[in-house]
Amino acid sequence: MNDRLATLQLFVTVARAGSFSAAAREVGLSQPSVSRAVAALEAAVGTALFARTTRSLGLTDAGRIYLERVERILADLDEAGHLARGTGELRGTLKVALPATFGTREIVPLLPAFLAGHDGLTVDLALSDTRADLAAEGVDVALRLGPLGDSTLIARRIAAAERIVVAAPAHLRRAGVPATPAALADHPLIAGPGAGQAPVWTFVRGAESVAVRWSGRIRVDANDAATAAAVAGLGVAVMSAWGCRREIEDGRLVRVLSDWTLGEVPLSALFPAGRATAAARAFVDFLVARFAGTTRRDAVTR
């Protein structure tokens with residue numbers, strides 16, 4: 001049983017490393033030993049798990065399915081040991097995929113409090129504004145901003161922040177402070193990742209609703225770049241309050257049209273289908289508690 005478990009763990013290492021030699025270095029074995037162990041596993045399973053060429057190593061369709069199931073089994077075994085010990089201490093590696101700007105600004109500063117008392121836990125943050133494939137990338141939990149599409153993944157809402165309009169004081173002195181949503185047509189738009197090709201924003205104030213279409217002057221594919229462009233005075237930006245809270249607090253950005261609402265940006269946690277490790281659940285519980293009460297306007301001043 002221990003040999004089979006070790007082989008499965010080795011299979012996962014090879015799949016993630018993308019080569020026998022890299023996996024061998026990681027586990028401290030020779031490359032031929034790793035290759036033989038995987039070949040023996042394929043023989044036992046009865047199908048090829050890897051597609052091999054002289055230049056690359058990749059999973060077959062059967063290998064991808066097998067990897068997903070094996071990772072789930074290994075995670076369940078790890079969690080079973082954790083529960084049996086009954087110490088409450090989290091161990092192993094927790095891989096979290098999350099948006100780059102939000103992760104750097106809001107999540108990284110919270111890690112010391114989360115990791116306190118869990119010396120055996122390692123957190124692997126995959127910071128990117130591109131949405132990760134949880135199964136393919138071995139992600140334990142993904143944090144997503146914005147609406148969720150149809151998915152077989154398990155979702156849990158954590159919090160929400162208000163979507164707001166901001167600009168640098170220098171830009172507002174030069175172009176004027178917009179008094180109505182319609183006045184935004186006279187300002188260049190900084191379009192971030194969520195703006196779309198033809199951004200239309202619907203502003204609501206009481207029973208009044210106004211739709212405004214902007215043409216972008218600056219388009220960026222990362223939220224931190226949109227914030228930096230706004231600070232540089234390149235125009236007006238629409239973003240979640242999480243994306244510019246510090247700049248508003250220190251005066252580098254000013255919120256405009258604050259008596260109008262643009263809706264909110266939800267923050268959700270996604271778990272791979274059928275797998276939510278103890279560490280992943282504990283991390284999301286921690287975030288729910290930390291972000292409690294920070295929806296809408298609170299997110300600007302938290």
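**Entry 1: Leu257**

I began with Leu257, which lies in the loop between β12 and β13. Helices here are DSSP runs of H or I with at least four residues, strands are runs of E with at least two, and both are numbered from the N terminus. I was working on a predicted model, where local features need pLDDT of at least 70, side-chain atom pairs count only at pLDDT 80 or more, and totals for chains, interfaces and linings use all residues. Residues are numbered from 1 along each chain as its sequence is written, and side-chain values use heavy atoms, leaving out hydrogens and water.

I looked up the backbone of Leu257 next. Its phi is positive, about 55°, although Leu257 is not a glycine. Is Leu257 buried or exposed? Leu257 is buried, with a relative accessible area of 8%. Buried means under 20% relative accessible area, exposed means over 50%, and partly exposed is in between (1.4 Å probe, protein chains only).

**Entry 2: Thr261**

I stayed in the loop between β12 (254–256) and β13 (264–271), where Thr261 is found. Thr261 counts as partly exposed, because its relative accessibility is 21%. I then checked Thr261 against Ser209. They are 52 residues apart along the chain, and their C-alpha atoms are separated by 9.6 Å.

**Entry 3: Ala182**

I moved to the loop between α8 (169–175) and β7 (189–191), which holds Ala182. Ala182 has a relative accessible area of 52%, so it is exposed. How far apart in space are Ala182 and Ala211? I read 8.2 Å, C-alpha to C-alpha, for a pair 29 residues apart in sequence.

**Entry 4: Glu247**

I found Glu247 in helix α10 (residues 245–249). Its relative accessible area is 6%, so Glu247 is buried. Which residues does Glu247 touch? Leaving out residues up to four places away in sequence, I listed Arg105, Thr227, Val231, Arg252 and Leu253. Contact means heavy atoms within 4.5 Å.

**Entry 5: helix α11**

I checked the length of α11 (residues 278–291). At 1.5 Å a residue, its 14 residues should span 20 Å, and its end C-alpha atoms are 20 Å apart, so the two agree. The expected span is 1.5 Å times one less than the number of residues. The buried residues of α11 include Ala278, Phe283, Leu287 and Phe291.

I then looked at α11 beside helix α5 (residues 100–107). They pack at an angle of about 70°, with their axes 14 Å apart. That makes α5 roughly perpendicular to α11. Phe102, Glu106 and Ile107 of α5 make the contact with Phe283, Leu287 and Phe291 of α11. By class, I noted five nonpolar, no polar and one charged residue there.

Axes are lines fitted to C-alpha atoms, for helices over the stretch in contact, and angles run from 0 to 180 degrees between N-to-C directions. Under 35 degrees is roughly parallel, over 145 roughly antiparallel, 65 to 115 roughly perpendicular, and the rest oblique. Ala, Val, Leu, Ile, Met, Phe, Trp, Tyr, Cys and Pro count as nonpolar, Asp, Glu, Lys and Arg as charged, and the others, Gly among them, as polar.

**Entry 6: α2 and α3**

The axes of α2 (residues 20–27) and α3 (residues 31–45) come within 8 Å and cross at roughly 110°. These helices are therefore roughly perpendicular to each other. Phe20, Ser21, Ala24 and Val27 of α2 meet Gln31, Val34, Ser35 and Val38 of α3.

**Entry 7: whole protein**

The protein has 12 helices and 13 strands. Of its 302 residues, 42% count as buried.
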